[in-house]
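Reader: I have a model open on my screen and would like to learn how to read it. Could you walk me through it?

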Amino acid sequence: MASTGLQMLGLVLAVLGWVCGALVCAAPLWRVSAFVGGELVIAQVFWEGLWMNCLSQTTGQIQCKTYDSTLALATSAQAARGLTVLSLLLCFLALILGVAGAKCTHCMGDANQASKAQLARVAGVLFLVAGVAYLMPISWTAYAIIRDFYDPNVAAPLKRELGPALYLGWGASVLLLLGGSLLHVGSFPPGGRGLPVFGGAAKDKPNTGATVEGKQQEKSFV
């Protein structure tokens, strides 16, 4: 039978990962200015994200501007945009299927538990795919930042550090993967494959006992 507790826990974790992923996608904190020149007075800090970049000054003023052209961005940035949006859309579809297929809901009726379990398992797989799709741009961006930071050919003002959005993105990916796994594992259909085997074995035991008793009675008559 499907485990309601595992299903609910998986859905809650997956929804948390989805919300965190949406925040990371919108936040301009993927790349942050790196100060490697020994400067003591920092007047400006640059923030870069998928959709905009911001300039923070010591006076507390923050100015943000969206990118003028999507095609002018680097290929890696365009791929990161596509993967993050695809991941969020998959999460939305998985959430609909997960709620419809959860054992505690009555969207498809209580008599159709097998179909509901299948929907919930598909939702779990979609959450897993969304987690992997979200993890790829986060990890690739972190790799590119670290590579450029240690590259001596990159000028010091162009070097960047890992922004807080990347750490939150890793956490969102873990929540999506964990939530999808729990939702999938907790949504096995009623009357799983293992039950008939154990039932058949249990039914065979009385028959074997009866045959043994019959053989003992035949020996006693002889």
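Reader: What should I know about the model before I start?

Author: This is a predicted model, so local features need pLDDT of at least 70, side-chain atom pairs count only at pLDDT 80 or more, and totals for chains, interfaces and linings use all residues. Residues are numbered from 1 along each chain as its sequence is written, and side-chain values use heavy atoms, with hydrogens and water left out.

Reader: How many helices and strands are in the chain?

Author: Helices (H or I, at least four residues) and strands (E, at least two) are DSSP runs, numbered from the N terminus. Here you get 5 helices and 5 strands. Along the sequence, they come in the pattern α-β-β-β-β-α-α-β-α-α.

Reader: And how do I read burial?

Author: Buried means under 20% relative accessible area, exposed means over 50%, and partly exposed is in between, using a 1.4 Å probe and protein chains only. Of the 222 residues in the chain, 31% are buried.

Reader: What share of the contacts join residues at least 24 apart?

Author: A contact means heavy atoms within 4.5 Å. Take the contacts between residues at least 6 apart in sequence: 64% of them join residues at least 24 apart.

Reader: Which side chain makes a polar contact with R160?

Author: A polar contact is a pair of N or O atoms within 3.5 Å; within protein, one must be able to donate a hydrogen and the other to accept it, and residues adjacent in sequence count only if both atoms are side-chain atoms. For R160, the partner is the side chain of E48, at 3.1 Å.

Reader: How do I read a pocket?

Author: On a 1 Å grid over the protein atoms alone, a pocket is an open set of points with protein on both sides within 12 Å along at least five of seven lines, and lining residues have an atom within 4 Å of a point. The largest pocket has a volume of about 300 Å³. It is lined by 15 residues, and R31, E48, G49, Y67 and A77 are the closest to its centre. Helices α2 (75-101) and α3 (113-149) each supply at least two lining residues.

Reader: What does the UniProt annotation cover?

Author: The unreviewed UniProt entry gives "transmembrane region" for residues 83-102, 122-146 and 166-185. Such annotations may be inferred rather than shown by experiment. In the model, residues 83-102 are 95% helix and 0% strand, with end C-alpha atoms 27 Å apart. Residues 166-185 are 100% helix and 0% strand, and there the end C-alpha atoms are 29 Å apart.

Reader: Which residues does G180 contact?

Author: G180 lies in helix α4, residues 164-185, and is buried, with a relative accessible area of 0%. Leaving aside neighbours within four places in sequence, G180 is in contact with G124, F127 and L128.

Technical notes:
1 Å grid on protein atoms, 1.4 Å probe; cavity = no way out; pocket = protein on both sides within 12 Å on 5 of 7 lines; lining within 4 Å. Points joined across faces, edges and corners; volume = space filled by probe spheres on them.
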